[in-house]
Amino acid sequence: MTDVITVAIVILYCLVMIGIGGWASKKVKNTEDYLVAGRSLGFWVFVLLMVGTVCSGMSLLGVSGLGYTFGWPSIWEQLFVPLSIAFCIIFFGVKLHSITKETGYITVQDYLAHRYESPLALRTLSAVTGIIVSMVYLVGQYTAIAIVLMWLFEIPLWLALIIATLVVTIYTTIGGLYAVAWAALIQSLILIGGVLIMAPIIIFYAGGFVHVNEYMASVDPNLVQPWMPGGMVFTPSYLVSFGVLLMIGLACAPHVINNIMAVKDAKLFKWAPLVGFLIYGVVMFLLKFAGFAGIALVQEGVFSLPDVPNAQDFVILYGIQNAIPHIALWSIFAVIVLAAVMSTTDRLMLTIGAMFSWDIYKKILRPDAPDKQVLMVSKIVVILSALTTMILALNPPEMLAFLIWMGIGIMLSTFAVPLLAGLYWRRATGLGAIVSMSAGLVAAGIFGLYYQYVEKLPLHFSFYAVLVSLIAMILVSLITKPSSEKVLDDTKTGWFIRSPSK
């Protein structure tokens, strides 16, 4: 498949990303610049950063692959994931941004340590947990990038991973959130424009939407139902837990919620939830329909998927390859996929660097560390996180979407209750938060392993874990000493989104 034009286009894209990193590096003067872009993000940069952060490898490869595997019952994902952007901005962002203006938080761990009066225990627990789940999530992103490069250049997995790691690591390491945010702006524009062109071409190549839908029904009537009538996945009860997982779990993920700290003005929150939902919703629906088209194309013998464990994740790539006869155009659409995947990968890497350098190194291990040293530690950790996840991605998961759901599930189980209770329930206490987060993490491991290796559960494993986390928060908080009224007032805790005084 590889030709000179293909190589040139992909190299040009990679050089542009690295160039953004070089430009951004000149704006980085201190740790705050590096981790929160000097709190300077405007409306469109912020909205598209949120879209790019949420739009991961799952969004192009995983979403279409899931549509190919389960059909219409998986369509609910395309409502829940865009809603996570709106949920994050409305229920976390508005209040956290207001507090951050007065406190100067760098990470969400800063808020948790302050609100729960636990500068050591809860900060350490939440930072370590955040690093672990971000690493799990990051493996899925590198797997997605490798899938694209393997398909495009017909190269082995190890070489694809090395190329992907080098490009993302270079511009993220040197430019920090300035680079990530402006790269996300370009990547999101490429993604939106590309999907609006790419998905309809694949659908019409398969015979149009009506033909695809009729063909799906002839293959398996369950593929055109709103949910699965039986089984353990995409049943009505499962979809309830699935909605909580994607809408709230993704909203409270550190790499998503930390974007709030970088916003210039709270006024942009007025329209950001709606605009972010609409942009991402349109993109996700089109990608799902492209996966539906893949069912018809494979069943009719137009192409065969590769003999690999995660074959369904290749469906949109093979659809492009067959629907567009010109080899030179394949590389353009490959860049679209790379843009989507990289827009989450770089944010995850930077978040891992922030949680270690700021929350563990600066706030716990070396409180007297100078700013330049903290900045250097952050860059080193970004590089190490990339290398570690690259090695882990050498053995790709059977289905990319399921790996990413696992990462989101652990985020839901650990961060959702402490964050929501901390922001809106004045009776939530520090010990309650510690026990809640610990219980959620342990429960997620137990239920996740049971689901994977013993027996499938009627609900997503994270739903059981977050209930354990919620019960632990309520019980422990009610039997322990309340937080100080001053801290509750300083962190604007209460049943309101905006401060009542405003």
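This is a predicted model: local features need pLDDT of at least 70, side-chain atom pairs count only at pLDDT 80 or more; totals for chains, interfaces and linings use all residues.
1. Residues are numbered from 1 along each chain as its sequence is written, and side-chain values use heavy atoms, with hydrogens and water left out.

2. Start inside. The largest nonpolar core has 185 residues. Such a core is a set of buried Ala, Val, Leu, Ile, Met, Phe, Trp, Tyr and Cys residues joined through side-chain atoms within 4.5 Å. Buried means under 20% relative accessible area, exposed over 50%, partly exposed in between (1.4 Å probe, protein chains only). Phe46, Phe92 and Tyr142 touch the most other members. Helix 8 (residues 157-205) gives the largest share, 22 residues. Helices are DSSP runs (H or I, at least four residues), numbered from the N terminus.

3. Now the backbone. Most residues other than glycine have a negative phi. Arg39 has a positive phi of about 50 degrees. Arg39 sits in the loop between helix 2 (31-36) and helix 3 (43-54). Arg39 counts as buried because its relative accessibility is 18%.

4. Lys492 also has a positive phi, near 50 degrees. Lys492 lies in the segment after helix 19 (485-490). Its relative accessibility is 12%, so Lys492 counts as buried.

5. Last, Ile170. Ile170 is placed in helix 8. At 35% relative accessibility, Ile170 counts as partly exposed.

How values were computed
Helices (H or I, at least four residues) and strands (E, at least two) are DSSP runs, numbered from the N terminus.
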